[in-house]
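Take a look at the sequence and the model below. Then read on for a short tour.

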Amino acid sequence: MSIPVPEGPRGPWRPVREAFAAHGRAVVHSRWREWLPAGPGGHAVALGPAARRMLDDQDRRRLRTLPRPADRARFLASRLLLKHLVAAVSDTLPAAVCLAYEPGGRPYVAHPGAPGVEVSLSHTGDLLVAAVSRYGRIGVDVEPAGRPVRYADVGRRLCAPAEHAALAPLAEPERARALLRLWTLKEAYTKALGQGMRLAFAEFEFEAAVSRGGWRCAFSEVRGPFSPSGHLVSAVWRQHGCSVGGFGRELVEWPRRFGNNRMRADGGG
């Protein structure tokens with residue numbers, strides 16, 4: 001599902017364009033260090049003024065608030081990846097792609113060269129993941145595949161009643177893997193809605209909310225030079241030609257009206 005971009009700005013971008021042309025969406029992953037030049041000892045360093053100028057005003061302000069050099073480098077690289085991804089699928093220049101943010105923090109493309117293109121972004125450690133869709137909202141999340149997740153610790157705040165019933169009988173480590181998969185899928189879905197962690201995960205059942213609202217989902221494990229120990233990448237996107245219904249309908253239709261307010265469950269279909 002997720003396409004590697006091992007050479008930073010150089011791509012390769014052809015597989016990304018082909019996936020976007022065939023499916024109307026693409027998910028890519030890359031290490032943030034691939035977007036930064038090597039400094040002394042081979043360690044990646046932050047890019048200079050030319051790359052910083054590629055950031056939009058809001059991102060430049062955000063960059064200045066990050067205290068740690070590694071956080072600043074990761075933030076800069078993630079925006080460069082997203083801009084190059086949008087440019088690759090919309091036949092424009094990365095510097096011309098303007099990123100803006102809804103009140104809840106969800107990024108969107110404010111550029112006439114990419115009308116209707118929706119985006120999402122996630123990162124953990126060295127790994128960056130970005131997604132783009134031409135058909136509507138998309139959300140993506142990434143977590144280390146070996147991240148320890150104990151049902152006793154997170155089940156109460158992550159699972160709806162039906163999910164508790166499905167997970168409880170499973171033996172470890174099968175339950176831990178299922179729990180991590182559910183976690184990333186719920187994060188991806190709420191990112192697509194523009195709520196992220198502000199929406200209580202235990203307040204909705206993932207499969208019911210997604211199927212009722214006309215969404216699709218997929219997950220895959222990334223391994224190789226990008227991720228020797230493995231990462232789980234989950235994506236949730238709006239199904240082409242399906243009107244939004246169910247949980248999250250209002251926020252998808254009027255994102256700026258709701259801002260940071262908590263969503264309520266909606267029974268529409």
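This is a predicted model: local features need pLDDT of at least 70, side-chain atom pairs count only at pLDDT 80 or more; totals for chains, interfaces and linings use all residues.

Residues are numbered from 1 along each chain as its sequence is written, and side-chain values use heavy atoms, with hydrogens and water left out.

**The sheet.** Helices (H or I, at least four residues) and strands (E, at least two) are DSSP runs, numbered from the N terminus. Four strands make an open sheet, ordered E1-E2-E6-E5, with mixed pairing. Two strands pair if DSSP finds at least two bridges between them. E1 and E5 are the edge strands, and each pairs on one side only. From one strand to the next, the twist averages 25°. E2 and E6 run antiparallel and are joined by seven bridges. Arg 25 has Ser 133 in E6 as its bridge partner. Helix H4 packs on the sheet and touches E2, E5 and E6. Contact here means heavy atoms within 4.5 Å. The direction of H4 makes about 30° with that of E6; axes are lines fitted to C-alpha atoms, for helices over the stretch in contact, and angles run from 0 to 180 degrees between N-to-C directions.

**The cores.** A nonpolar core is a set of buried Ala, Val, Leu, Ile, Met, Phe, Trp, Tyr and Cys residues joined through side-chain atoms within 4.5 Å. Buried means under 20% relative accessible area, exposed over 50%, and partly exposed in between (1.4 Å probe, protein chains only).

| Core | Size | Members include |
|---|---|---|
| Largest nonpolar core | 36 residues | Trp 13, Val 16, Leu 85 |
| Another core, apart from it | 25 residues | Cys 159, Leu 185, Trp 215 |

Leu 85 touches Trp 13, Val 16 and Val 28, among others, not counting residues up to four places away in sequence.

**Helix H5.** Which residues of H5 are buried? They are Tyr 151, Val 154, Gly 155 and Leu 158. They cover an arc of only 120° around the axis, so they sit on the same side of H5. The arc is that of the directions from the helix axis to the C-beta atoms. These buried residues pack against helices H6 and H7. The face turned away carries exposed Ala 152, Arg 156 and Arg 157.

**Gly 139.** This residue is found in strand E7. Gly 139 is buried, at 0% relative accessible area. Its contacts include Ser 120, Ala 188 and Ala 192. Gly 139 and Ala 192 are 53 residues apart in sequence, yet 4.1 Å apart in space, C-alpha to C-alpha.
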